[in-house]
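This report treats salt bridges, sheet pairing and chain symmetry. Please consult the sequence and the structure shown below.

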There are 2 protein chains.
Amino acid sequence: MYINEHVINKMQDTLKLAGDATRLKILFCLLDELDTSSSDPHHLIEKCVNDIALQIGCSQSLVSHQLKDLKDGDFVKSRKEGTKIYYSLKDEHVKQIMQITYEHVLEGEHHD
Amino acid sequence: MYINEHVINKMQDTLKLAGDATRLKILFCLLDELDTSSSDPHHLIEKCVNDIALQIGCSQSLVSHQLKDLKDGDFVKSRKEGTKIYYSLKDEHVKQIMQITYEHVLEGEHHD
DNA sequence: TGCAAATATGAATAGATGTTCATATAATAT
DNA sequence: ATATTATATGAACATCTATTCATATTTGCA
């Protein structure tokens, strides 16, 4: 790893983006393991803004705002179809960060 | 992964903790690959508060504040020796989060 | 006991951030 | 054209956060 100020700032942006409850809910919503529409474990889950808002219990406006940030940070991508816009996770890094963070949190629970 | 509100909040705390330039500098400082005092790649690097402050160019007070947060979040541990307190990374999760985030940032650089 | 070194702590503050509300834009259908 | 559905946007605001400054605490040593 070659670290300089610029890389530090980018990493800060990336982790700050992940470090918000609403955005985490959106990401988990797009990661939903319970989706049974495909047997492929790497199946791409796509959801439109309103569906996400309903599922996580937040306003449409808030979800739209956060999706914009998530997209700017390369966490999600989008695809337009009619009036709807489908969002999905962009790459494996996001899933990995969520997975490791999840493990870290679980481990912390043991000695609380 | 079993996700509920509590887990989401803990993950938020963890990622928010990592998402700060000063704290990232501290963590990288404790991860320093350039340390040649041991040939063991898993060598534990310990540094006291003042040394960290000098190396990353921040005040002693700021570093102490941030180290407290990093310790509360299980990112670092400490060991007392005389008047000095030596800090080191606590577990592998921290390193992994840094590594993956680093890769994510590098990948993003390609299409900017 | 008194002094110096290392670290921790608390208050204060400026700046960043999440959320809401109202409104704008875009696409589709009647 | 008009209405409807879906999404985006911008301003406003309250809350959170990083940093600084001054000071307290702890340990070792003369």
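At 29% relative accessibility, B:Glu46 counts as partly exposed, a class lying between buried (under 20% relative accessible area) and exposed (over 50%), with a 1.4 Å probe and protein chains only. The model is predicted, so local features need pLDDT of at least 70 and side-chain atom pairs count only at pLDDT 80 or more, whereas totals for chains, interfaces and linings use all residues. Residues are numbered from 1 along each chain as its sequence is written, chains are lettered from A and ligands numbered from 1 in the order in which they are written, and side-chain values use heavy atoms, without hydrogens and water.

Over all chains there are 12 salt bridges, each a side-chain nitrogen of Lys or Arg within 4 Å of a carboxyl oxygen of Asp or Glu. Among them are the following.

| Pair | Closest N to O |
|---|---|
| A:Lys25 and B:Glu5 | 3.0 Å |
| A:Glu46 and A:Arg79 | 2.7 Å |

In chain B, B:Glu46 belongs to the loop between α2 and β1 and B:Arg79 to strand β2, 33 residues apart. Helices (H or I, at least four residues) and strands (E, at least two) are DSSP runs, numbered from the N terminus.

In chain A, 3 strands form an open antiparallel sheet in the order β1-β3-β2, pairing being counted if DSSP finds at least two bridges between two strands. The edge strands of chain A are β1 and β2.

A rotation of 180° with 0.0 Å of shift along its axis superposes chain B on chain A (RMSD 0.0 Å), by least squares on the C-alpha atoms of residues with pLDDT of at least 70 in both. The two copies are thus related as by a two-fold rotation axis.
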